[in-house]
Amino acid sequence: MLTAILVMVLLAVVLGAVLGFASIKFKIEGNPMVEKIEATLPQTQCGQCGFAGCKPYAEAVASGQAAPNLCVPGGDNVAKSLAELLGVEFQPVGGAEGAGPKPKMVAFIDENTCIGCTACIKVCPVDAIVGSSKLMHTILINQCTGCELCVPACPVDCITMEPVKTDLAAWKWRYPVFELKKAA
Ligand code: SF4
Ligand code: SF4
């Protein structure tokens, strides 16, 4: 009996050592630029950039397959940080030439229709929905990134996306500021 236990322990130690060695020896070095870009992204995994999540978008930006201004929830701040990281010119989300950024949207629950099934809570990547089973649910608009993931999840279609009204405090001049060069 004691021999069997000793053999088992020895086997475990050897296997552990082999696995430890393998994890160091065959470690796949991540692309540091992908890691830096991914760390800059808001991790909402919402797919509004057109990619399956923040990591695939980070990989596409790092390999030059995607522009650094596609992250809607991250907005111009993330686009600016990524432009600095990549050493490229900053382009606002939606592009200076384009029709401008997609208006910021937040989810809205019609509380009279909500049946409290909690389906929306389960899909929200940023915990912006509060409510409990069989009770009305509501949105924390400051948390909501407007990813729209909860809309298809609602069985009674009581979630809609509402534009966020831009007040003076939130209004931003979108176009590059030209500095008047002093005449030599
Ligand atoms: S409430 Fe809906 S739209 Fe807002 S972040 Fe959550 S899932 Fe996205
Ligand atoms: S999915 Fe719709 S019905 Fe269900 S809790 Fe959310 S808002 Fe209410």
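Leaving aside its neighbours within four places in sequence, which residues is valine 106 in contact with? In this predicted model, valine 106 touches Ile141, Cys144, Thr160, Met161, Glu162 and Val164, where contact means heavy atoms within 4.5 Å. Valine 106 belongs to strand S1 and is buried, with a relative accessible area of 10%. Here buried means under 20% relative accessible area, exposed means over 50%, and partly exposed is in between, with a 1.4 Å probe and protein chains only. One of the contacts, valine 164, is 58 residues from valine 106 in sequence, yet their C-alpha atoms are 6.6 Å apart in space.

Residues are numbered from 1 along each chain as its sequence is written, while chains are lettered from A and ligands numbered from 1 in the order in which they are written. Because the model is predicted, local features need pLDDT of at least 70 and side-chain atom pairs count only at pLDDT 80 or more, while totals for chains, interfaces and linings use all residues; side-chain values use heavy atoms, with hydrogens and water left out.

The protein chain as a whole comes to 5 helices and 4 strands. Helices (H or I, at least four residues) and strands (E, at least two) are DSSP runs numbered from the N terminus. Along the sequence, the pattern reads α-α-α-α-β-α-β-β-β. Of the 184 residues in the protein chain, 28% are buried. Among contacts between residues at least 6 apart in sequence, 52% join residues at least 24 apart.

Strand S1 also holds phenylalanine 108. This residue is partly exposed, with a relative accessible area of 43%. Leaving aside neighbours within four places in sequence, phenylalanine 108 is in contact with Ile139, Cys158, Ile159, Thr160 and Glu162.

Next come the helices. Two packed helices are described by the angle between their axes and the distance between the axes. Axes are lines fitted to C-alpha atoms, for helices over the stretch in contact, and angles run from 0 to 180 degrees between N-to-C directions. Helix H2 (residues 32–40) packs against helix H3 (residues 54–62) at about 130°, with the axes 8 Å apart. That angle makes H2 oblique to H3, given that angles under 35 degrees count as roughly parallel, over 145 as roughly antiparallel, 65 to 115 as roughly perpendicular and the rest as oblique. Met33, Val34, Ile37 and Glu38 of H2 meet Cys54, Lys55, Ala58, Glu59, Val61 and Ala62 of H3. By class, this contact has 7 nonpolar, no polar and 3 charged residues. Ala, Val, Leu, Ile, Met, Phe, Trp, Tyr, Cys and Pro count as nonpolar, Asp, Glu, Lys and Arg as charged, and the others, Gly among them, as polar.

H2 also meets helix H4 (residues 75–86), where the axes come within 10 Å and cross at roughly 160°. H2 is therefore roughly antiparallel to H4. Met33, Lys36, Ile37 and Thr40 of H2 contact Val78, Ser81, Leu82, Leu85 and Leu86 of H4, and these residues divide into 6 nonpolar, 2 polar and 1 charged.

Finally, ligand 2 has 14 residues around it, of which Cys114, Cys117, Thr118, Cys120 and Cys154 come nearest; a residue is near a molecule or strand if one of its heavy atoms lies within 4 Å of it. The shell consists of 11 nonpolar, 3 polar and no charged residues. Threonine 118 is found in the loop between strand S1 (105–109) and helix H5 (119–123), and is buried, with a relative accessible area of 16%.
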